[in-house]
Each structure stands twice: as C-alpha cells, then as structure tokens.
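I opened my notebook beside the model today. My plan was to look up a few places and write down what I found.

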Amino acid sequence: MRYFGRLAVIILFWGSSLCAQSYVSVKPLKGDGIMSLLRRYFLPTDKEAQRLFKELNKDKFDENDALKAGVTYDLPVLVYNYNGQTIRSTLGISDYNLAKKIQTYNERLVRSKLKNELYKIDLQLWVPVYLVPMEAGSVSKGEFTIFGKENSSISLVDNKLMGKIFYLVSGHGGPDPGAIGKRGNSRLYEDEYAYDITLRLARQLLQHDAKVYIIVRDPNDGIRDDAILKGDHDEYYYGNQRISSNKLTRLNQRVKIINDLYYRNRSITKKSIYHHLARRFTVQL
C-alpha cells in the first residue's frame, strides 16, 4: 500500500515505566520442531502461535525454517516477579478465573518438571502471552472491531509498553477530508490514509501491551489494504462527539478530549508507579 503527501498523524504519549518482564528461554530437544516445542510447554500450536514464535526468534532458524540444535529459543511465555501475595495483585488484575488459569498452568509445569519450583517459592510467575491481561483504553478487550474484521484479533507480543498510554489523532475527518490528490480517475483523501496509518500504529502498540485511545474514529473503515481508499464523512471523535465543520472548534475539541482523558488517567498512572516502587522494595529484581 502506498501513501501520498504529508499526512497529519499526531501522537501524544504519557505513562509510567513499569518493570520489564523477560521471556522463558529454552533449548529444543533432538528432533524438536516448533509445534512439538510449543506443545511440550502446553502452549497453542495454531498458525498464529507459530507466527509469534518465529517473530520472537528471528534469525534462529535454518534455511528450511527448522530449529537449530544447541540454540536457545524464547517461548511466548513471560516471566513476572511474583509479589509474594497473589497472582491478581502481581499482575494488577481482578479477574479471578484468569488468575486460576495462570496458577494451573504454573502447577502443571512443575508437575511435568519443566519448572523446578512453584512461583510461590522462586517468585517467578510464568504467564503465556495468550493469558496476559491486555488493557487498551478505548480499544479494550473484546472491542477490536475498530480495526476491521480481518484485523480484529490481536496477539500480545510482549508487555514492553505496559503502563504506557497513547492518544492517537489522525487529524481531519468528518467534514474535513484534508489534502485531496488524484491517481488516475480516483481521488485520494488525506484523512482516509492518515486514519489507516493510525489504526495500524494503534494495533502495533496494543501488541506490546500499551493502553491506546483513538481520538478520530470511523464506524466502518478498519485497516484496509486497497491502493485507493474510498472517502466518506462519517468519522467522529472519541466519546461519540460530532466533528465540527469549524477548523478552530475541531482543534479545540481534540485538545479537550485528550486533556480530559489525561486527567482521568493521571491518578491511575500514579498508582501504577507507586505499586511498582513498592514491589521493587519487597522483591529483589
């Protein structure tokens, strides 16, 4: 897909830097393939799981895409420093059933002698990425339809951006199409391409566990791979606000929305920082 002209994509960022987790690293057994290695550690083996494994271990495969003997590979399993209390407080979640699944997974690893000790003893909690809780602000779990049917499913790659908050503004939208160009007999509208880029960026951020707010939104234009993106005027601002036809009003609308979200999230971010600092003093990282 090719983009044209100067695209106005504004990114505003705020967040705390939480403790970065590491992946579980293992060496395959003789004769292991990707599926058998994933299966041994009780992980999914579907195409998406294999794709993620390959993404985590780039340049570690032979010319036939097979595992190499003696090479260490990262599993799609994150290691958290257990806080000595509960799984929920360690991960900052309230979902009891999810915590039980993670507990069961760790107990199964110990029973199978894939992990030496339980997390309550070695303070190392293993969490498969498909069980890692993902908070995504206005694009929250179960609401990924904004990316379109083909891109609604998101797999967590890692949580490097956990605790970070992004406010994404593609610019224009509604009555303002932005710059208009031509390709053959077709018109190219800046707002459509800027919006498409913003969605792709938001999806990437979510894959790294960021919290994302998409300020300009479209009810039916997800990520599109067409060379020519059809223009429309049905975009709106976060919170179902109509985009004003007045340029100055539009700018003020966006500023107010982001400021309101910033102040709403500020107390949450401060709590996250405090929680992280408290953990650092109770557990040696």
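Which loop holds Asn-83? I found Asn-83 in the loop between S3 and helix H3 (87-91). Here helices (H or I, at least four residues) and strands (E, at least two) are DSSP runs, numbered from the N terminus.

Ground rules next. The model is predicted, so I note that local features need pLDDT of at least 70, side-chain atom pairs count only at pLDDT 80 or more, and totals for chains, interfaces and linings use all residues. Residues are numbered from 1 along each chain as its sequence is written, and side-chain values use heavy atoms, with hydrogens and water left out.

**Entry: Asn-83.** Buried means under 20% relative accessible area, exposed over 50%, and partly exposed in between (1.4 Å probe, protein chains only). The side chain of Asn-83 also makes a polar contact with the side chain of Thr-90, at 2.9 Å. A polar contact is a pair of N or O atoms within 3.5 Å; within protein, one must be able to donate a hydrogen and the other to accept it, and residues adjacent in sequence count only if both atoms are side-chain atoms.

**Entry: the whole chain.** I noted seven helices and 11 strands. Of the 285 residues, 46% are buried.

**Entry: helix H2.** H2 runs over residues 47-56, and its buried residues include Ala-49 and Phe-53. Leu-52 and Leu-56 are buried in H2 too. What covers the buried residues of H2? I found strand S2 (22-26), helix H1 (34-40) and strand S3 (73-81) among the cover. Contact means heavy atoms within 4.5 Å. At the start of H2, a side-chain oxygen of Asp-46 comes to within 2.8 Å of the backbone nitrogen of Ala-49.

**Entry: a sheet.** I traced an open sheet of three strands, in the order S2-S3-S4, with antiparallel pairing. S2 and strand S4 (124-128) stand at the edges with a single partner strand each, so one side of each has no neighbour in the sheet. Two strands pair if DSSP finds at least two bridges between them. S3 and S4 pair in the antiparallel sense over five bridges. Val-77 has Pro-128 in S4 as its bridge partner.

**Entry: another sheet.** I also found an open sheet of three strands ordered S9-S10-S11, with antiparallel pairing. Strand S10 (residues 236-237) and S11 pair over two bridges. Tyr-236 stands opposite Arg-242 in S11.
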